[in-house]
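Colleague: I would like to learn how to read this model, feature by feature. Can we start with the interior?

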Amino acid sequence: MKKPFLQRRIFDVRIVELIVFSSIYLFFASAYHIALWINRGGYTQEDNILFDPISFMDDSGLGYTLKLIITLPIWWLLFRKLKIWSIKEKLLLHLILLPSFVIIWQQLYSVFSNVFGFFYLQGPAQIWDIYLPALFYILQFGIFHSYQYHVDNQKKIKVEGELRAVALKSELSALKAQLNPHFLYNVFNTISASVPPENEKTRHLIAELSDLFRYQLQASQVEKVPLKEELDFVKKYLALEKERFEERLQIEIDVDENVMEEMIPPMLLQPLVENSVKHGLASLIDGGKVSITISKNEDKLFFEIADTGVGIKNKEKIFGKGIGLTNTKMRIEKMYNSTLQLSDNIPQGLKVNFVI
């Protein structure tokens with residue numbers, strides 16, 4: 001869809017802004033010309049036309065045209081090239097640009113006035129050709145800076161509004177995510193209560209699954225949990241998987257007792273263990289072993305999840321394909337500036353290591 005004409009850009013400036021910019025110069029040039037015309041009594045002279053082109057250029061047109069030409073590179077420098085500079089730094093730069101603007105304008109104005117035969121001030125009266133251009137420089141760049149502040153502020157308000165909308169959407173999504181496991185948790189308890197006493201094994205499995213959902217519900221409400229709780233959750237998950245795989249799934253957990261109360265992000269280990277079971281061991285007739293090793297050295301926790309499954313040849317492409325590994329990798333990177341290290345297990349399988 002094409003933008004409206006006034007919203008189109010020329011040299012990264014909207015046409016409407018160029019029109020307003022030019023109008024400022026036309027207004028001041030016209031006001032100055034009218035003031036001089038009144039001062040010399042032009043209204044009492046029939047042949048002294050107010051907006052005679054030659055008279056207009058002589059009075060103010062030439063001067064403001066030169067001011068416009070000199071202003072353009074200064075504007076580009078301040079609002080494009082040095083856009084990231086703070087207002088304080090730009091104000092200090094004006095201490096150099098303002099006298100440069102006045103001197104260049106004064107010299108050019110005298111040269112062009114001589115060329116066209118226009119009047120210009122000389123001698124002590126030249127002080128007005130310093131004072132008035134300097135005053136106009138301060139006025140116009142005061143307007144420019146105020147307008148730029150307005151534009152930046154509007155962008156900031158728009159971004160903040162978008163961020164609030166995203167935050168609200170995320171909060172609602174989080175609440176919905178909490179409702180799902182909460183609902184399922186209650187449903188599992190209802191189903192478990194309806195299972196006949198003689199099917200105790202089924203009742204036990206449903207209760208274990210219900211506990212998994214309860215932990216997931218609690219985990220969605222906190223930043224971190226003790227390592228012991230996370231391990232209990234992983235053990236319940238592995239116990240359910242073992243009911244399916246039976247002797248094909250072997251489990252080995254080696255964790256120092258002195259790290260059990262360490263706080264870690266919830267649901268950190270389960271996706272990695274699930275990846276080992278479902279993608280590493282599930283396709284093997286004889287199954288295999290999943291081992292979890294956690295230790296502490298100084299102030300760092302070292303994690304290793306290994307399996308004796310089929311392994312992965314292209315370890316880089318695995319990220320992005322599955323949710324579990326990819327999300328866990330992103331969480332570790334953002335929270336601890338660490339990452340998942342994937343390597344071949346011996347004699348076969350995959351090994352995942354990370355440090356937090």
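Colleague: Which residues have the most contacts inside the largest nonpolar core?

Modeller: First the general idea. In soluble globular proteins, nonpolar side chains tend to be buried together. Now the case here, in a predicted model. The largest nonpolar core has 32 residues. Those with the most contacts inside it are Leu-227, Leu-269, Val-273, Ile-294, Phe-303 and Phe-354. At least two residues of this core come from each of α6 (227-245), β4 (249-255), α7, β6 (288-297), β7 (300-307), α8 (323-336) and β9 (350-355). Helix α6 gives the most, with 6 residues.

Colleague: What is Ile-294 in contact with, leaving aside its neighbours within four places in sequence?

Modeller: Ile-294 is in contact with Leu-227, Leu-231, Asp-254, Val-255, Asp-256, Val-259, Leu-269, Phe-302 and Phe-303.

Colleague: Over how many bridges do β6 and β7 pair?

Modeller: β6 and β7 pair over 8 bridges, in the antiparallel sense. Val-290 stands opposite Asp-307 in β7. The two strands form a hairpin with 2 residues between them. In that turn, Glu-298 has a positive phi of about 60 degrees. β7 and β9 are also antiparallel, over 5 bridges, with Ala-306 opposite Lys-351 in β9. Then β8 and β9 pair over 4 bridges, again antiparallel. There, Leu-342 has Val-352 of β9 as its bridge partner.

Colleague: How far apart are the end C-alpha atoms of α7? And is α7 mostly covered or mostly open?

Modeller: Take length first. At 1.5 Å a residue, the 12 residues of α7 (residues 270-281) should span 16 Å; the end C-alpha atoms are 15 Å apart, which agrees. As for cover, 9 of the 12 residues are buried, so mostly covered is the reading. Val-273, Val-277 and Leu-281 are among the buried ones.

Colleague: Now a single residue. Is His-33 buried or exposed?

Modeller: His-33 counts as buried, because its relative accessibility is 0%. Its place is in helix α1 (residues 15-39). Not counting residues up to four places away in sequence, His-33 touches Arg-40, Leu-50, Phe-51, Ser-55, Phe-56, Asp-59 and Ser-60.

Colleague: Last, the rings. How many aromatic pairs does the structure hold?

Modeller: A pair of aromatic rings is described by the distance of the centres and the angle of the planes. This structure holds 17 aromatic pairs. Take Tyr-25 and Phe-136. Their ring centres are 5.3 Å apart and their planes are at 75 degrees, so the pair is edge-to-face. Tyr-25 lies in helix α1 and Phe-136 in helix α4 (residues 128-194), so the pair ties together parts 111 residues apart in sequence. Tyr-25 is buried at 5% relative accessibility, and Phe-136 is buried at 4%. Both belong to one aromatic cluster, which also includes Phe-21, Trp-75 and Phe-144.

Conventions: Residues numbered from 1 in each chain as written. Predicted model: local features only at pLDDT ≥ 70, side-chain atom pairs only at ≥ 80, totals over all residues. Heavy atoms only, no water. Expected span 1.5 Å × (residues − 1). Buried < 20%, exposed > 50% of the residue type's maximum accessible area, 1.4 Å probe, protein only. Core = buried A, V, L, I, M, F, W, Y, C linked by side-chain atoms within 4.5 Å. Contact = heavy atoms within 4.5 Å. Pairing = 2+ DSSP bridges. Phe/Tyr/Trp six-rings, centres within 6.5 Å; stacked < 30°, edge-to-face > 60°.
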